[in-house]
Amino acid sequence: MMIEMNDTWKVMNDVEVAFSEITTFNFMLEQLQEAVDNGRMNEIVDITHALNAFMPVYTNGWDRKYKVAWEHVVTGVSND
């Protein structure tokens, strides 16, 4: 099986995009730290809930993209 470069670029780019979404997680952590530093309890609770809700969405998205890339690149190469 010949791996097409355009397809390979797309699946690897999708993995990169999925990983780059960690910046949202980092932003929320910075906001949480600011709320903690300033004793804003309601924000601490809200941001913690948001982080707990976001984490599985982020990891599931990353996992799906990674599996597609693995199947395309590694499995595609090993079947040649």
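This is a predicted model: local features need pLDDT of at least 70, side-chain atom pairs count only at pLDDT 80 or more; totals for chains, interfaces and linings use all residues.
Reader: What makes a stretch a helix here, and how many does the protein have?

Author: A helix is a DSSP run of H or I with at least four residues, a strand is a run of E with at least two, and both are numbered from the N terminus. By that rule the protein has 3 helices and 0 strands. Along the sequence this gives the pattern α-α-α.

Reader: What makes a residue buried, and which residues of helix 2 are?

Author: Buried means under 20% relative accessible area, exposed means over 50%, and partly exposed is in between, with a 1.4 Å probe and protein chains only. In helix 2, the buried residues are F25, M28, L32 and A35. They cover an arc of only 80° around the axis (taken from the directions from the helix axis to the C-beta atoms), so they lie on the same side of helix 2. An α-helix has 3.6 residues a turn, so residues three or four places apart point the same way. Turned away from the buried side of helix 2 is a face with the exposed residues T23 and D37. Across the protein, 21% of the 80 residues count as buried.

Reader: What makes a set of residues a nonpolar core, and which residues make up the largest one?

Author: A nonpolar core is a set of buried Ala, Val, Leu, Ile, Met, Phe, Trp, Tyr and Cys residues joined through side-chain atoms within 4.5 Å. The largest one has 9 residues: F25, M28, L32, A35, I44, I47, L51, F54 and Y58. Helix 2 and helix 3 (41-78) are the elements that give two or more residues to this core. Helix 3 provides the largest share, 5 residues.

Reader: Which residues does A35 touch, apart from those up to four places away in sequence?

Author: A contact means heavy atoms within 4.5 Å. With those sequence neighbours left out, A35 touches R40, E43, I44 and I47. F54, which lies in helix 3, is in contact with E21, T24, F25 and M28, again leaving aside neighbours within four places. The C-alpha atoms of F54 and M28 are separated by 9.8 Å, though the two residues are 26 apart along the chain.

Reader: Why is the pair of F19 and W62 called what it is?

Author: Rings of Phe, Tyr and Trp (its six-membered ring) pair if their centres lie within 6.5 Å; planes under 30 degrees apart count as stacked, over 60 as edge-to-face and the rest as tilted. By this rule the count comes to 5 aromatic pairs. The centres of the F19 and W62 rings are 5.9 Å apart and their planes stand at 65°, so the pair is edge-to-face. This pair links distant parts of the chain, with F19 in helix 1 (residues 5-20) and W62 in helix 3, 43 residues apart.

Reader: And why is the pair of W62 and Y66 described in its own way?

Author: Here the ring centres of W62 and Y66 are 5.7 Å apart and the planes are at 35°, so the pair is tilted. Both residues lie in helix 3, 4 residues apart, about one turn of the helix. Together F19, W62, Y66 and W70 form one aromatic cluster.

Reader: How exposed are F19, W62 and Y66?

Author: F19 has a relative accessible area of 42%, so F19 is partly exposed. W62, at 28%, counts as partly exposed, and Y66 is partly exposed at 38%.

Reader: Where is E16 found, and how far is its C-alpha atom from that of W62?

Author: E16 is found in helix 1. Its C-alpha atom and that of W62 are separated by 9.0 Å, while the residues are 46 apart along the chain. With a relative accessible area of 47%, E16 is partly exposed.

Conventions
Residues are numbered from 1 along each chain as its sequence is written. Side-chain values use heavy atoms; hydrogens and water are left out.
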